[in-house]
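Let's walk through this model together, one question at a time.

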Amino acid sequence: MPAPRSTLRTAAALSLGAAIALGLTRFSYGLLLPPMRDDLGWSYLLAGSMNTYNALGYFLGALSTPALMRRVGVWRLLVTGAIAASVIMLAAGLTTDTVLLALQRLGAGIASAFIFITGGVLAARLGSQHSGRAGLIIGLYYGGTGIGITVSALLVPAAIALASHYRASHLWQWAWWAMAAACLLGTAIMARPARAIGDAAPAVAGARSFAVHDFAFGLGSYFMFGVGYIGYMTFVVALLKQQGMQAGLITGFYALLGLAVVASSRIWASMLDHFKGGESLAILNALLATVTILPALTGAAPVVFLSGLVFGGVFLSVVASTTALVRHNLPQAAWSAGISAFTTAFALGQIVGPSMVGWIADGPAGLERGLMASAGALLIAAVLGWRQKALAEFTVLRA
């Protein structure tokens, strides 16, 4: 039976948390990298390092989130993180100092982890209440990232154009302010429906707990996914601009990528419900490896748009697949620990990825070689994901 409309509305509202955590606070930087690099005289290594600082913050936030969830509650941490992210985004438009901008990216990463993990826990709980549609509900949450990407694709050029009209000194600063406002609006819409889901379930005596060795291949796969996908999301816009693509086409490319993320929640829902092991991780990462390399091979618009369409339709479903993996193999009381562990592996990969690709891009082979390295990392992720097996049946008290 289909999930009630009110449940899907709740999942859609909760998805704005993912929109804030990744779509606005992280992936918007790919659009801002070219104007900031031109204005501030950054190398590709330094520009990529800004997302490394963001990933480091995400890693620190992932480590502290489980304890904070126990202390203040899942919903309160979700809303606190969303408000903090909004304020930190605003701060990015108030300085041109490289150190302060790096600290902004660090703080934004910490806030993003708070939002993304708590939102994932609430999405998994909501899915457990409607198990026949759990894959769709979880996919809707992570697909919300696409809303943030699409909003960024529209807001960033519009804000820069407005700043240019008023002859602002640093055009990109206005874009940060516009996205801060979008974060606050998303927080206001999300807060009340998210509270209605309820908090995480209490622990059940004798139930299976999360153990790293049970998910070693899955965690390794997710680490390599973090290395590979972030290179594409950080530098693909810079590569398209370098190849001479018109600004309007770049905006269309990024908006299409974001819309594909939103659609991905329905495309892969049945697969997330069906596979209990790492099969989804393997399939999705193999697809990503294939389309990541395309912009490095040609700047032809149809091929580039195909790459963005497929990449957007796949990459957040990799994130959703790890939540599904945890949900299939652990009792509800262990979901927070499992999701936090996968998020930590993800964050570590993202620390490595941007700087690695930026370092390669500063060499004679340029951004094209950097994207090839990203594709290689995603291929390794596919191999590791295939080796992750489902765990034995566990005892769980159903919600």
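Q: Is T234 buried or exposed?
A: This is a predicted model, and T234 lies in helix α8, which covers residues 216-242. Buried means under 20% relative accessible area. T234 has a relative accessible area of 0%, so T234 is buried.

Q: Which residue's side chain makes a polar contact with the side chain of T234?
A: Leaving aside residues up to four places away in sequence, T234 touches G30, L33, N51 and P354. The backbone oxygen of I230 also lies 2.7 Å from a polar atom of the T234 side chain. The side-chain to side-chain polar contact, at 2.9 Å, is with N51.

Q: How many Å apart in space are T234 and F27, C-alpha to C-alpha?
A: In sequence, T234 and F27 are 207 residues apart. Across the protein chain, residues 24 or more positions apart account for 86% of the contacts with a separation of 6 or more. From C-alpha to C-alpha, the distance between T234 and F27 is 7.2 Å.

Q: What is the radius of gyration of the protein chain, and why does it agree with a compact globule?
A: The protein chain has 15 helices and zero strands, and its C-alpha trace spans about 60 × 40 × 35 Å along the principal axes. Buried residues make up 58% of the 399 residues. A compact globule with 399 residues would have a radius of gyration near 21 Å, so the chain agrees with that at 20 Å.

Q: Which residues form a nonpolar patch on the surface?
A: One member, L56, is found in helix α3 (residues 44-72). L56 counts as partly exposed because its relative accessibility is 32%. Together the patch has about 340 Å² of accessible area, and its residues are Y53, L56, L60 and L63.

Key. Residues are numbered from 1 along each chain as its sequence is written. This is a predicted model: local features need pLDDT of at least 70, side-chain atom pairs count only at pLDDT 80 or more; totals for chains, interfaces and linings use all residues. Side-chain values use heavy atoms; hydrogens and water are left out. Patches are made of residues with over 30% relative accessible area and no salt bridge: like charges are joined within 9 Å, nonpolar side chains (Val, Leu, Ile, Met, Phe, Trp, Tyr) within 5 Å. Accessible areas come from the Shrake-Rupley method with a 1.4 Å probe; for residues, only the protein chains shown count as cover. A salt bridge is a side-chain nitrogen of Lys or Arg within 4 Å of a carboxyl oxygen of Asp or Glu. Helices (H or I, at least four residues) and strands (E, at least two) are DSSP runs, numbered from the N terminus. Buried means under 20% relative accessible area, exposed over 50%, partly exposed in between (1.4 Å probe, protein chains only). The radius of gyration is taken over C-alpha atoms; the globule rule is 2.2 Å times the number of residues to the power 0.38. Contact means heavy atoms within 4.5 Å. A polar contact is a pair of N or O atoms within 3.5 Å; within protein, one must be able to donate a hydrogen and the other to accept it, and residues adjacent in sequence count only if both atoms are side-chain atoms.
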